[in-house]
Amino acid sequence: MAQTEEIELSELAATLGAASWSTGPIYAVCDIGGTNARIGFAQSTKRGRGLQVTYVRFKVTKKDVRQLVEFFELVLHELKTKLPNRGAAFFSRITSGAVSVPGPVTNSKVAGPFNNLKGIANVEDYPAELFPKGRSALLNDLEAGGYGVLALSNTGLLSKYFTVMWKGSQWDAMSDGKAPGTTLGKGRCLIAAPGTGLGSSLIHYMGVSDSYVVLPLEGGSTSIAWCAGSEGEYAQTLATFQASKRPEITPAVAPHWESATNGNGLQFNYAYEFDGTKTSSTSPHFGKTAPEVAKLAKSGADPAAIAAMDRLYKNLMGFCAESTMQFMPLTCVLMGDTIALNSFYFEDPARVQALQARLYEHTMERPYKFISRTTFLRQVRSVNLNLIGCLGFGTQLSQPAKVPSNL
């Protein structure tokens, strides 16, 4: 059974008014991106529904995060006009709420600015019937995704959506005898999610309390180190290309990892196979979109497309190597729809071996074997981990610990 189910707004009241939804706590969840918003509900863990979210999709037509308030009002209107007593019994059972947003979050209450949405998000603007005051929060999208991965691990569902790329040298000592890919183990987990950008987060394990907390990162915005030889020529060309898109920087500024590992990076890599150091947005081969290049690579008929994807994922391994040295994780998880859709690439053992070799080129691997400690997983099935993560986080909000700060 899928962990998320999409229905029409017109079906929402009938679904939530069914006998199977008639008792127990309810959790409100939401995930907004540049194109779509998903607003859903989930029940408590009894009846095996703990990781099942029923949601409605809305189009973000105004490219403004504040349009969420309009969507919430549509949901409220649907439920109040169709549920008994204007949904009073249902709303009284909403225990907590969490909203995933594509940008930085401050104190779980305010978020923004965003790259692809106007406005600032504020949890206080949301209707209390859906998002109870004091028991609702905003999450960065990769923070929510991290809680989603953690929820899958905690419920024994990790192997349904992820597979092992290779096992690290520390796994056996830190996993309580469990197989890699079935759990995150008792250690830190680095999340890397390449797509339109490069999102990242850290699931931090605290041994003293045997618990986890997810920390959103902005690792994709860190810079690639300048290097020599052919890789240096590539990095300089990418820097020049990046500067042509962003007038506030110059070609002397090193490109960031995101530009080397996202969809635009795949487009750039394809053109680079033909035009080399002369690659620009006006290059004749730059017109192919990332999905088109991936499709050509999957067919095996276009060597340039395969080489472009080789470079893309070797760049991703470069990012993972640097991040691994920063956080020394037990596991590293490559997640997102792009990773799942490009499973064909990772199913070739020779490619996986080449990616592992690229990872192990890091300076600190050769003498100390730091990088090879980490077990790598990749996503193989699409699922909205942000909604699942909002649910996982929301269950923690339902009984918040009141610990006053002395700061």
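Residues are numbered from 1 along each chain as its sequence is written. Because the model is predicted, local features need pLDDT of at least 70 and side-chain atom pairs count only at pLDDT 80 or more, whereas totals for chains, interfaces and linings use all residues, and side-chain values use heavy atoms, without hydrogens or water.

Select residues 2-152 as domain 1 and 162-382 as domain 2; these bounds come from an automatic or database domain assignment. The domain centres, taken over C-alpha atoms, are 31 Å apart. Nine residues of domain 1 and 14 residues of domain 2 form the contact (heavy atoms within 4.5 Å).

Next, display the interface. Its buried area is about 980 Å², 80% of it from carbon and sulfur atoms (accessible area, 1.4 Å probe, that two parts lose on being put together, summed over both). Select Leu142, Val149 and Leu150, which supply 55% of the area that domain 1 buries against domain 2.

Then select helix H4, residues 141-154, which gives eight residues to the side of domain 1 that touches domain 2 (helices are DSSP runs of H or I, at least four residues, numbered from the N terminus).

Finally, centre on Gln3, in the segment before strand E1 (4-7) (strands are E runs of at least two residues). Gln3 counts as buried because its relative accessibility is 7% (buried means under 20% relative accessible area, 1.4 Å probe, protein chains only). Beyond its neighbours within four places in sequence, Gln3 is in contact with residues including Leu51, Leu157, Tyr161 and Ile388.

Terms used: Buried < 20%, exposed > 50% of the residue type's maximum accessible area, 1.4 Å probe, protein only.
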